[in-house]
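Here is a briefing on one structure.

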Amino acid sequence: MSVTELDQPGTPTVDAEEARRARGRRIEKTARWLLPLLVMALMIWVWDRIVVWNELPHFILPSPARGWGSLTGDWAILWDSALLTGRITLMALVIAVVGGAGLAILFNQNRMVELSLYPYAVILQVTPVVAIAPLIFIYVESKTVGMLMCAWIVAFFPVLSSTTLGLNSVDHNLRDLFRIYGATRWQKLWMLQLPSALPYFLGGLKIAGGLSLIGAVVAELVAGTGGVGTGLAFRIQEAGYRLNIARMFAALAIVAAMGVFIFAALSLLSHMLLRKWHESAIKREY
Amino acid sequence: MVKVAPFSERAELMRIDGVDKVFPGDVQALRAMSLTVREGDFISLLGPSGCGKSTALRLIAGLSEPTSGRIDWQTQRARGDLGVVFQEPTLMPWATVAQNVFLPFRLEGKSYDAIKDDILAALKLVGLDKFQNAYPRELSGGMKMRVSIARAMVTQPKLILMDEPFAALDEITRFKLNNDLLEMQARIGCTVIFVTHSVFESVFLSDRIVVMAARPGRVIEELHVDAPYPRSEEFRTSAEYAAHCRAASRALEQAMEAAA
């Protein structure tokens, strides 16, 4: 065979293995969104059949259609509640990020502070927030502040621990290099430790996003009977008392959607910040 | 073009005098090392692993203090007079090639625009001026190492320390970088202390080879490779090169026996 034969243009030949692999990739791309949708459709159908075949009354188990009806019919009320819960969640997340990352930097800069406070951060984390919340609402007058404290207690720890790990995972040669070039403590923190910690911090942030929603919902359930609570968790509780099960499902669906939205938004943020340089954000060609 | 002075006329740059380094647990990493480094020297520290050559380099870099003995610069030393290249490229993955080379100046508080030309010149020196906006992950191992060398050279240092910088690279890339390193050294006229365990590399690159032995780490012998610079690919195949390699191998064997 001559060289010119090999270089023939216009005849792209792909071997069987590569063709199979390409087909597999195309199928997976569709299956990624199609399969979960099929599972959902199947679940809703089974749910509907259970209600119809067993002739269940709607105050025991409402049909999917009735749940949907509540979601659209009560939308105005539910949307207002969602905004409230969403606001508490976001504020808690912001405080968790500032507090968690701030504590991590403080711990990193001063070992004595870390040794003094770290055990208490762990204790705060491992004590169930449901157990702490009633106490908080006894001493904190503002419901909003109380709810924020609850949500913060659950959400700050993943940010603290992952950022701490990140700040300590600096390449030791880079550390030496900074020392040789006479970097100050702040230059080391700003130009070396914080960028090194970024992927770890973002991992913690993704967990904290979900946890701050959990914290907000739990706080609402505890504080709800106090009067101001009109968030989604309060709606679920209230609808339960009234045997309005359809609205419970509708509110639950919104809480789940909020959780998914937070996770997706934080994943996108993480991708945007890391896509240029971090291994986790790099698409492999093969 | 060649800024390096002939051997006999070189001024003293650094004096290492009776340096010991003992690690906790009475591990003697280095015993009684003495070495006078002159401006323009290309010194290889050659020896088996555990002979204290990396320890010596850390002491010279000031990253660690000798247990006893002294290491003194014989000239006025300013910031940026010392450059270091590690075994790994040691680049900041979140920064572009140009930003990585800019690092020594950035830590001095200089602005990028003020020394942009220096950075481009350093990148040109290592042949990567077209890659200034690339991120390290986009580069091959050899290219990353070139960026690392550009960063060490950008401040026009008096002394560059290299700790087995090419050990992880394939032979073709290593030979190319060996050639280019000599050319770069000649161009900026710096002194190099180069840690290696390769006899061939040390003979090709250096004019002084310090052979070291292990347990405890110590200097066994100093060899001179008096072949003139610039050295090219022909030198690699010359009888002279082979003779020097034989001598260095023999010295290294003695070092191994001394340790056993």
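At what angle do the axes of helix H4 (residues 141-153) and helix H5 (residues 171-188) of chain B cross? They cross at roughly 15° and come within 12 Å. This is a predicted model: local features need pLDDT of at least 70, side-chain atom pairs count only at pLDDT 80 or more, and totals for chains, interfaces and linings use all residues. Residues are numbered from 1 along each chain as its sequence is written, with chains lettered from A and ligands numbered from 1 in the order in which they are written.

**Helix pair**
- H4(B) is therefore roughly parallel to H5(B) (angles under 35 degrees).
- Axes are lines fitted to C-alpha atoms, for helices over the stretch in contact, with angles from 0 to 180 degrees between N-to-C directions.
- H4(B) contributes B:Gly142, B:Met145 and B:Met153 to the contact (C-beta atoms, placed from the backbone, within 7 Å).
- H5(B) contributes B:Thr173, B:Leu177, B:Met184 and B:Ile188.

**Sheet**
- Helices (H or I, at least four residues) and strands (E, at least two) are DSSP runs, numbered from the N terminus.
- Chain B has an open sheet of 3 strands, order S2-S1-S4, with antiparallel pairing (at least two DSSP bridges between paired strands).
- Strands S2 (27-38) and S4 (68-73) are its edges.
- S1 (residues 12-23) pairs with S4(B) over 5 bridges; B:Met14 has B:Trp73 as its bridge partner in S4(B).
- Helix H1 (residues 53-61) lies across S1, S2 and S4 of chain B, at about 60° to S2(B).

**Chain contact**
- 15 residues of chain B are in contact with 16 residues of chain A.
- Strand S5 (82-85) and helix H2 (97-108) of chain B each supply at least two residues of the side that touches chain A.

Definitions and conventions: Two residues are in contact if their C-beta atoms, placed from the backbone, lie within 7 Å. Angles under 35 degrees count as roughly parallel, over 145 as roughly antiparallel, 65 to 115 as roughly perpendicular and the rest as oblique.
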